[in-house]
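Take a moment with the model below.

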Amino acid sequence: MTSRVVSLDAAFAVLGVAPVDGVAAARAAFRSRVKHLHPDVTPPTAATLAELAHIVAAMDYIRASAPVCLEIEITAAQAERGLTRTLRHGDKPLLVRIPAGTPDGTRLGAVGEESISVTIRVQSAEAGPVDPRSDYSDFPDAADLDAFMHEFSRPSVTTRLARWVRKAQSAA
């Protein structure tokens, strides 16, 4: 038995759940099967270790390739005029363009990330405090966009080290 899983359907099948059941069901099935196959519970044989490796590989594949769904709450005024919003998923900054007239519950993709979808939740007008800057269509988005641009334009550690070395060499 090999521990290589090559499709999302096969990974769910290894765990004994359907892809429609979702990642939570796969995680529950994974935990249940690992509890019974773990070497502390079951004597480690080649068959049980191979099955355990196959289950772990299936769960790793599901985690790596399962789509991510995030939510953004916006006001009714922002939904009416449209905006660009930045958010973070782990350490990764994401950019989401919300077109004008977006209704509640709309699913959009993050810019450049086809595996990450964002659900838009539109708050009712009386749900929250009124932002005095909401009359300006581009003002609230400017800070978000600047932060996003700064995140991607910031030089890496390697680039900063190379600049420091070149500077030190030119001074000598």
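What follows starts with the ground rules and then turns to the strands.

This is a predicted model, in which local features need pLDDT of at least 70 and side-chain atom pairs count only at pLDDT 80 or more, while totals for chains, interfaces and linings use all residues. Residues are numbered from 1 along each chain as its sequence is written, and side-chain values use heavy atoms, with hydrogens and water left out.

Begin with the sheet. Helices (H or I, at least four residues) and strands (E, at least two) are DSSP runs, numbered from the N terminus. Two strands count as paired if DSSP finds at least two bridges between them. Strands of a sheet pair through backbone hydrogen bonds, either parallel or antiparallel. Here, 3 strands form an open sheet in the order S1-S5-S4, and the pairing is mixed. Strand S1 (68–74) and strand S4 (107–110) are the edges, each pairing on one side only. From one strand to the next, the twist averages 35°; axes are lines fitted to C-alpha atoms, for helices over the stretch in contact, and angles run from 0 to 180 degrees between N-to-C directions.

Look at S1 and strand S5 (residues 113–122). They run parallel and share 7 bridges. Glu71 has Thr119 in S5 as its bridge partner.

The side chain of Glu71 also has a charged partner. It meets Arg121 in a salt bridge (3.6 Å, N to O). Such a bridge needs a side-chain nitrogen of Lys or Arg within 4 Å of a carboxyl oxygen of Asp or Glu. This pair links distant parts of the chain, with Glu71 in strand S1 and Arg121 in strand S5, 50 residues apart. Glu71 is exposed at 54% relative accessibility, and Arg121 is partly exposed at 31%. Buried means under 20% relative accessible area, exposed over 50%, and partly exposed in between (1.4 Å probe, protein chains only).

How many salt bridges does the structure hold? There are 3. One of them joins Glu51 and Arg33 (2.8 Å, N to O). Glu51 sits in helix H3 (residues 46–65) and Arg33 in helix H2 (residues 23–37), so the pair ties together parts 18 residues apart in sequence. Glu51 is partly exposed at 29%, and Arg33 is partly exposed at 25%.

Asp60 and Arg63 form a salt bridge too (3.7 Å, N to O). Both lie in helix H3, 3 residues apart, about one turn of the helix.

Finish at helix H6 (residues 157–171), where Leu161 is found.
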